[in-house]
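Welcome to this short tour. Keep your viewer open and your selection tool ready, and we will go from stop to stop together.

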Amino acid sequence: MSKTKVYLCPVCDNKLDSKSFCHACQRSFRDEVESSKKEELLDYQIAQQDKIDNACFAFIKSFYPDAHWDQEQISVIRDALIKVGVRYHGDSEYDLYPWLLEPEQIGNRDNIKLRLTLDVDYSPHGIPINALM
Ligand SMILES: [Zn+2]
């Protein structure tokens, strides 16, 4: 079996073609893939992360004016904000808070399954929120 690795679309998980284009989304991720190979986000992606983090910090500060910049607190608000964006406003997690793209083994869907499993919300009764909707 070949060990070819491919990049998957960070929005829909379909395979990107050799030019890093997602045919399902009709969108090129060429710059994002090239930048990820250098372990760097693009300027617009860093700006997007900053925008989200600053908004989350401002939100916390509006209730707790003495609060200091704390990644753990910010990430709690950020996760909730991203869920609202994805669930109610049709945004993609990647567009809200971009990450470095990593090539994945063809046929190995374990990473994707793990991602989906981690994304499940549980109600106070332990029932996945999706099952209640
Ligand atoms: Zn796509």
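**Stop one: the core.** Select Tyr7, Leu8, Cys9, Leu16, Cys22, Phe29 and Leu101, the seven residues of the largest nonpolar core. A nonpolar core is a set of buried Ala, Val, Leu, Ile, Met, Phe, Trp, Tyr and Cys residues joined through C-beta atoms within 7 Å. Buried means that 20 or more other C-beta atoms lie within 10 Å of a residue's own; with 12 or fewer a residue is exposed, and in between it is partly exposed, the C-beta atoms being placed from the backbone. In soluble globular proteins, nonpolar side chains tend to be buried together.

A word on what you are viewing: this is a predicted model, in which local features need pLDDT of at least 70 and side-chain atom pairs count only at pLDDT 80 or more, while totals for chains, interfaces and linings use all residues. Residues are numbered from 1 along each chain as its sequence is written.

Two residues are in contact if their C-beta atoms, placed from the backbone, lie within 7 Å.

**Stop three: the whole chain.** Zoom out and colour by secondary structure. The chain has six helices and four strands, and from the N terminus on its elements run β-β-β-α-α-α-α-β-α-α. Helices (H or I, at least four residues) and strands (E, at least two) are DSSP runs, numbered from the N terminus. Of the 133 residues, 10% are buried. Among contacts between residues at least 6 apart in sequence, 35% join residues at least 24 apart.

**Stop four: a loop.** Go to the loop between strand S1 (5-6) and strand S2 (21-22) and select Asp13. Its phi is near 70 degrees, a positive value in a residue other than glycine. Ser20 sits in the loop between S1 and S2 too, and its phi, near 60 degrees, is also positive. Most residues other than glycine have a negative phi. Asp13 counts as partly exposed because it has 15 C-beta neighbours inside 10 Å; Ser20, with 18, is also partly exposed.

**Stop five: Cys56.** Finish in helix H2 (residues 43-63), where Cys56 lies. Is Cys56 buried or partly exposed? It is partly exposed, because it has 19 C-beta neighbours inside 10 Å. Leaving aside neighbours within four places in sequence, Cys56 is in contact with Ile74, Ile77, Arg78 and Leu81. Now select Arg78: Cys56 and Arg78 are 22 residues apart in sequence and 6.2 Å apart in space, C-alpha to C-alpha.
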